[in-house]
Amino acid sequence: MGRKALVIGGGIGGLAAAIGLHRTGWEVTVLERSPALEDAGAGISLAANGVRALDALGVGPAVRAAARPQYTGGTRTPAGLWLARMDGAALERALGTPVCGIPRAELHRVLREALPTGCLRIGTGTVASAAEWDADLLVAADGVRSGVRAELFPEHPGPVYSGSTVLRAVTAGPVPLDSDFELTWGPGAEFGHIAFADGRAEWHAVLTAPPGLRHPDPLAALGSRFAGWHRPVPELLAATRPEDVLHHDVHELVTPPPSYAVGRVALLGDAAHAMTPNLGQGACQALEDAVVLAAELAAGPTPERALARYNAVRRPRAGAVAKAARRAGRLGHRLSHPLAVSARDTALRLAPSGAAVAMILRHAAWTPPPLT
Ligand code: FAD
């Protein structure tokens with residue numbers, strides 16, 4: 001089997017794929033068209049499946065060292081009433097690792113540092129095919145608007161707007177917080193935070209809104225929208241510099257591509273299964289993709305056969321998680337009718353303790369194949 005791989009896209013998925021391929025003997029080049037990471041000023045939670053994938057790639061210890069484990073937190077109402085508590089210690093007991101909260105810029109740094117010098121080429125343009133680069137394998141990790149996916153499947157409808165827009169930022173400095181991770185659901189809106197190891201935090205505000213809606217002063221708009229919400233919502237907004245606020249409309253692939261693999265071309269990460277962020281699983285699924293891809297290629301006998309198995313393993317798994325994420329959004333911040341919100345809140349409050357852990361385990365209990 002040939003051993004030259006070309007990865008398009010230097011996001012979490014592309015870098016993880018490159019690490020997996022490099023570790024299994026491939027000569028890898030990663031092409032990233034953008035000189036700056038779009039969401040570097042944000043944070044991310046990595047569930048056990050994501051952390052286990054990082055372990056399989058050999059970078060788990062470095063990620064853990066830069067991350068803050070999430071032991072405390074859960075879901076609240078705008079008045080601050082707890083709807084569900086997250087028992088991070090129970091999750092750790094069940095899965096061997098806590099959920100990890102980390103600045104995206106740090107995760108990227110760790111992934112980049114695991115690659116040989118010169119492997120990542122930044123500021124490069126579009127590539128049409130692996131043949132153009134004399135490669136034996138092309139990994140399309142080029143995100144939700146994947147050009148490779150569009151070329152492979154011209155009939156595919158592509159991404160659609162999820163109905164939600166997200167504003168988020170990392171605070172300028174440390175903020176006193178009582179928990180590692182929180183989500184608060186109000187009618188048609190969610191506010192959440194992820195605490196970092198250095199005392200700063202990322203917050204995010206999800207709003208049901210038409211696409212393209214932008215605010216001249218986002219912090220002032222959020223201050224009004226979330227007025228009266230429990231602490232630390234106002235404190236997090238107050239600790240943020242206006243220029244640090246990122247605003248993105250969330251798009252997802254409601255229709256999965258017909259396959260994650262065609263010949264010697266694999267779709268990976270958001271290019272294959274962009275999902276809403278409601279379960280915090282998009283990047284975790286990209287990390288799973290990366291490990292499975294490298295493992296199947298290592299098992300041979302040809303890239304085509306390995307990629308067919310990659311598709312058979314990954315498409316049902318990531319597709320199911322994407323569906324669950326969409327459902328979670330509908331039951332979470334997207335509910336706006338007061339009766340529906342009240343019924344949901346009551347159901348959550350009455351759910352047996354351990355229900356939240358069981359829900360997380362459903363997606364996070366994943367064991368990576370060995371990478372030899
Ligand atoms: P991307 O990060 O989109 O990377 C694709 C890269 O390809 C980009 O850098 C782009 O510049 C490059 N590219 C595109 N076209 C070309 C080309 N032609 N040539 C070269 N380069 C190209 N997931 C979690 O697991 N946990 C979370 O807590 C979480 N929170 C989230 C919160 C929000 C608000 C959002 C929107 C998502 C969240 N996700 C989370 C999902 C996660 O961010 C994504 O699933 C993940 O980043 C996808 O990585 P990727 O590498 O597949 O795609």
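I began with the ligand and looked up Asp270, where an N or O atom in the side chain is 2.7 Å from an oxygen atom of the ligand. I keep in mind that this is a predicted model.

I then listed the surroundings of the ligand and found 28 residues, the closest being Gly13, Glu32, Ser45, Arg104 and Asp270. For Gly13 I noted a backbone N or O atom that lies 2.8 Å from an oxygen atom of the ligand, and for Gly280 a backbone N or O atom that lies 3.1 Å from a nitrogen atom of the ligand.

On the H1 side I found Ile12, Gly13, Ala16, Ala17, Gly20 and Leu21, which meet Ala283, Ala286, Leu287, Ala290, Ala294 and Leu297 in H10. Sorted by class, this contact has 10 nonpolar and 2 polar residues, and no charged ones.

Next I followed helix H10 (residues 282–299) to helix H11 (residues 303–331), and I noted that their axes come within 8 Å and cross at roughly 155°. I recorded H10 and H11 as therefore roughly antiparallel to each other, and their crossing, too, as right-handed. Among the residues that meet here are Glu288, Asp289, Val292 and Glu296 from H10, and Arg309, Tyr310, Arg314 and Arg317 from H11. By class, I have 11 nonpolar, 1 polar and 6 charged residues for the contact of H10 with H11.

Methods:
Residues numbered from 1 in each chain as written. Predicted model: local features only at pLDDT ≥ 70, side-chain atom pairs only at ≥ 80, totals over all residues. Heavy atoms only, no water. Axes fitted to C-alpha atoms, helices over the stretch in contact; angles between N-to-C directions. Helix = DSSP H or I, 4+ residues; strand = E, 2+ residues; numbered from the N terminus. Parallel < 35°, antiparallel > 145°, perpendicular 65-115°, else oblique. Left-handed = near helix turned anticlockwise from the far one by under 90°. Contact = heavy atoms within 4.5 Å. Nonpolar A, V, L, I, M, F, W, Y, C, P; charged D, E, K, R; others polar. Near = heavy atom within 4 Å. Polar contact = N/O pair within 3.5 Å; in protein donor to acceptor, adjacent residues only side chain to side chain.
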